[in-house]
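Hi there,

Here is the structure I promised to pass on. Please have it open while you read, and my notes follow below.

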Amino acid sequence: MQLNLGCGFDRHEGYLNVDSWSECSPDLQLDLETYPWPFESSSITRILARHILEHLGADLSGFRALWKELYRIAAPGCVLEIHVPYYKSANYWSDPTHVRVYTPLTFEMLSKKRNRRWIQESNGNTKLGLMWDIDFETLSSDVIWDSPWDQRLEVKDVSLEQLLEVERHSWNVVKELRFNLVARKDELR
């Protein structure tokens, strides 16, 4: 089974489209902050989470419950496709229902492999994967540039290196982050 969590009006064929808002006619109306979800453990092979995670898990216990539940339902090798607004974008801060920021480091904290490497390096980052007994590894991450930066990059008015430097010091350069994570359950990590 494949899930499209927080589908809104972006329904996908071949997925169970899940949302709490009845007006978007989801296949399953579900409050994603009420646990457990009505799915068997290790039964989901793919999860789309496009612009939903930033609305969930405002406090640490809610964040933990969300990721424990995602891990519980994920089959070994399940891919989570995640899109979230970038925290240095007006797209994030303009919506009062956004309660949680995500960065690439957030997802690294959910990886047992990365957590173990941090222990060896005496790195102080929080080892959420080991603490919560969950294991998501980042397969890919992409930056979606805000206009007009994407256009300037496309016509080579600015180089990628220059744009990355601008982003370090400016807001509204990146509008979205996209990640693919894989649930690791089938091996010792």
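Is serine 25 buried, partly exposed or exposed? Serine 25 counts as partly exposed, because its relative accessibility is 48% (buried means under 20% relative accessible area, exposed over 50%, and partly exposed in between, with a 1.4 Å probe and protein chains only). Two notes before the rest. This is a predicted model, in which local features need pLDDT of at least 70 and side-chain atom pairs count only at pLDDT 80 or more, while totals for chains, interfaces and linings use all residues. Residues are numbered from 1 along each chain as its sequence is written, and side-chain values use heavy atoms, with hydrogens and water left out.

**Backbone details**

Most residues other than glycine have a negative phi, and most peptide bonds are trans. Serine 25 has a positive phi near 50 degrees, and this serine sits in the loop between strand E2 (16-19) and E3. (Helices, H or I with at least four residues, and strands, E with at least two, are DSSP runs numbered from the N terminus.) Histidine 51 also is not a glycine and has a positive phi, about 60 degrees. Histidine 51 belongs to the loop between E4 and H1 and is partly exposed at 33% relative accessible area.

There are cis peptide bonds to look at too. One runs from tyrosine 35 to proline 36, with omega near -5 degrees, and proline 36 is in the loop between E3 and E4. Another joins serine 147 and proline 148, with omega about 5 degrees; proline 148 is in the loop between E6 and helix H6 (149-154).

**The sheet**

An open sheet is formed by 7 strands in the order E3-E2-E1-E4-E5-E7-E6, with mixed pairing (two strands pair if DSSP finds at least two bridges between them). Strand E3 (28-29) and E6 are the edge strands, each pairing on one side only. Strand E1 (residues 2-5) and strand E4 (residues 44-50) run parallel, joined by 3 bridges, and asparagine 4 stands opposite leucine 48 in E4.

E7 pairs with E5 in the antiparallel sense over 7 bridges, where proline 85 has glutamate 176 in E7 as its bridge partner. E6 and E7 also run antiparallel, with 9 bridges joining them; here valine 143 faces leucine 177 in E7. E7 is mostly covered, with 7 of its 10 residues buried. Helix H1 (residues 60-73) lies across E1, E4, E5, E6 and E7, at about 140 degrees to E5 (axes are lines fitted to C-alpha atoms, for helices over the stretch in contact, and angles run from 0 to 180 degrees between N-to-C directions).

Tryptophan 145 is part of strand E6 and is buried, at 12% relative accessible area. Leaving aside neighbours within four places in sequence, tryptophan 145 has contacts that include Leu160, Leu163, Leu164 and Glu167 (contact means heavy atoms within 4.5 Å).

**Salt bridges**

Side chains of opposite charge can pair when their charged atoms come close. The structure holds 12 salt bridges (a side-chain nitrogen of Lys or Arg within 4 Å of a carboxyl oxygen of Asp or Glu). Here are some of them:

- Lysine 88 and glutamate 167 meet at 3.3 Å, N to O. This pair links distant parts of the chain, with lysine 88 in the loop between strand E5 (74-85) and H2 and glutamate 167 in helix H7 (residues 160-169), 79 residues apart. Lysine 88 counts as buried at 9% relative accessibility, and glutamate 167 is buried at 12%.
- Aspartate 133 and lysine 112 meet at 2.4 Å, N to O. Aspartate 133 is in the loop between helix H5 (128-132) and strand E6 (136-145) and lysine 112 is in helix H4 (residues 112-120), so the pair ties together parts 21 residues apart in sequence. Aspartate 133 is partly exposed at 47%, whereas lysine 112 is buried at 13%.
- Arginine 184 pairs with glutamate 137, with the closest N and O atoms 3.3 Å apart. Arginine 184 is in the segment after strand E7 (174-183) and glutamate 137 is in strand E6, 47 residues apart.
- Asp10, Arg46, Arg50 and Glu81 are linked in a salt-bridge network.
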